[in-house]
Amino acid sequence: MDNTPHSEVLQTRCCIAGGGPAGLLLGFLLARAGVDVLVLEKHADFLRDFRGDTIHPSTLEVMHELGLLPEFLRRPHQELPRLTARIGDEQVTIADFSHLPTVCKFLAFMPQWDFLDFLVEQARSYATFHLRMQAEVTGLLRRDDRVTGVEAKTDRGALRVEAELVVGADGRSSVVRQLAGLEIVDLGAPMDALWMRLSRGPGDPSQSFGRIASGQILALIDRGDYWQVAYVIPKGRFEEIRERGLPALQQALVALAPFFADRVSELADWSDVKLLTVKVDHLKRWYRPGLLCIGDAAHAMSPIGGVGINLAIQDAVAAANILSSPLRNGAPAETDLAAVQRRRELPTRLTQRAQVFMQNRVIRRVLSSPGQIGSLPLILRLLQRSPLLQRIPAYLVGVGVRPEHVRSPARIGA
Ligand SMILES: Cc1cc2nc3c(=O)[nH]c(=O)nc-3n(C[C@H](O)[C@H](O)[C@H](O)COP(=O)(O)OP(=O)(O)OC[C@H]3O[C@@H](n4cnc5c(N)ncnc54)[C@H](O)[C@@H]3O)c2cc1C
């Protein structure tokens with residue numbers, strides 16, 4: 001029994017912890033279906049650097065189904081019809097999206113804060129959508145075995161929200177899943193990533209690309225006036241890299257991308273280098289009575305393929321399709337929550353398996369072979385020989401297993 005005095009108490013049908021892609025899209029779709037929903041986001045805004053920015057054809061398809069695609073594509077973004085990488089001396093196409101059976105046959109790079117602002121703007125047209133920024137979920141309310149709401153810390157004091165359903169969409173370090181005691185299966189990852197930004201110059205390559213060389217992997221994302229740079233390192237080696245000093249890291253970047261020579265000093269100290277500890281995990285069970293986890297909170301994805309946002313979006317669509325009708329009538333049953341996990345578990349597991357395969361067959365091999373990269377890994381050699389084969393990773397990454405489709409509010413629950 002919690003005896004803390006609460007300055008504010010709210011009631012809603014569905015309380016979503018976390019205003020990331022999963023939480024905001026679910027909030028939008030539930031509100032569109034007439035369900036009263038409150039999203040709690042711990043930050044004051046969405047302006048955080050280095051988050052998933054790859055909007056895949058599957059997510060663009062969702063925008064299309066919602067009738068929002070033209071407006072969405074008016075936001076600043078870059079379009080990438082192909083994923084390429086330079087491996088040793090060879091230019092390799094990893095995925096060709098131009099043949100996908102989707103409206104958009106490209107991957108769009110859009111800063112995640114623009115994407116989230118867009119979702120909020122759309123969601124606000126529904127009176128049943130509510131968003132509280134600077135509201136950090138810190139506890140769960142329970143009655144017997146059932147979760148009945150959350151406790152949160154806000155800029156205005158303590159908040160207590162009573163809800164028929166709590167959704168944990170609070171990301172890869174989810175507090176909700178931890179408070180609910182949901183068991184995590186950790187699949188492991190051989191790498192971490194360092195994220196940095198360096199300005200773009202007039203003679204630079206014209207679009208995003210990857211570079212794989214002796215023992216090192218670099219990914220460069222074109223952000224208009226700057227490059228978002230990911231430098232992949234063997235797991236747990238960040239301290240060692242720091243001890244070698246910033247000039248050593250700067251030299252490594254220049255060796256992989258020589259055009260950085262005139263501006264690598266923009267990395268003035270280690271606060272310009274952000275560590276992403278790569279995790280690949282999933283929950284054994286995504287729900288408890290009164291509570292469901294989706295997105296990274298249910299399954300943290302490897303950065304391979306940049307699928308994290310897109311799977312989070314797919315989870316939100318599936319959850320809205322399955323739960324809108326029960327939520328309109330009251331509290332969803334445990335079987336409804338189980339149906340969401342059943343629907344999304346296969347795509348998640350298969351994608352994680354493919355990522356773990358690539359981690360072990362390509363990433364681990366590259367990172368553990370300093371001095372030479374030798375021949376291309378077999379899988380990449382096969383991809384180069386057959387443009388037809390390039391359509392397989394394009395489909396897996398761009399559309400994914402069992403793509404979800406937005407239902408019109410009238411059809412939800414039909
Ligand atoms: C550095 C980096 C680079 C990435 N690059 C890519 C990429 O290129 N492509 C890609 O697809 N994916 C990428 N990802 C992964 C991608 O960002 C995530 O998979 C995706 O954002 C998951 O969406 P989500 O809504 O489940 O969780 P998140 O985006 O993590 O959103 C969770 C939200 O919950 C909020 N929150 C957390 N705790 C609480 C709390 N207690 N109370 C209230 N709010 C809370 C957070 O502030 C956050 O806004 C990257 C991730 C990182 C960290």
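Keep in mind that the model is predicted. Let's start with the sheet: it's open, has seven strands in the order 6-5-14-15-16-13-17, and its pairing is mixed. Strand 6 (90–96) and strand 17 sit at the edges, each pairing on one side only. On average, neighbouring strands here are turned by 25° against each other, direction ignored.

| Strand pair | Sense | Bridges | Facing residues |
|---|---|---|---|
| Strand 13 and strand 16 (residues 226–234) | antiparallel | nine bridges | Met 191 and Pro 234 |
| Strand 14 (residues 209–213) and strand 15 (residues 216–222) | antiparallel | five bridges | Ala 213 and Gln 216 |

Helix 9 (residues 334–367) packs on this sheet and touches strand 13, strand 14, strand 15 and strand 16. The helix direction makes about 110° with that of strand 15. As for strand 13 (residues 191–199), it's mostly covered, with seven of its nine residues buried.

Now for the surface. Leu 378, Leu 382, Leu 389, Ile 392 and Leu 396 make up a nonpolar patch, and together they have about 420 Å² of accessible area. Helix 10 (378–385) and helix 11 (391–398) are the elements that give two or more residues to the patch.

Take Leu 382, which lies in helix 10. Is Leu 382 buried or partly exposed? Its relative accessible area is 37%, so Leu 382 counts as partly exposed.

Methods
Residues are numbered from 1 along each chain as its sequence is written. This is a predicted model: local features need pLDDT of at least 70, side-chain atom pairs count only at pLDDT 80 or more; totals for chains, interfaces and linings use all residues. Side-chain values use heavy atoms; hydrogens and water are left out. Buried means under 20% relative accessible area, exposed over 50%, partly exposed in between (1.4 Å probe, protein chains only). Helices (H or I, at least four residues) and strands (E, at least two) are DSSP runs, numbered from the N terminus. Two strands pair if DSSP finds at least two bridges between them. Patches are made of residues with over 30% relative accessible area and no salt bridge: like charges are joined within 9 Å, nonpolar side chains (Val, Leu, Ile, Met, Phe, Trp, Tyr) within 5 Å. Accessible areas come from the Shrake-Rupley method with a 1.4 Å probe; for residues, only the protein chains shown count as cover. A salt bridge is a side-chain nitrogen of Lys or Arg within 4 Å of a carboxyl oxygen of Asp or Glu. Axes are lines fitted to C-alpha atoms, for helices over the stretch in contact, and angles run from 0 to 180 degrees between N-to-C directions. Contact means heavy atoms within 4.5 Å.
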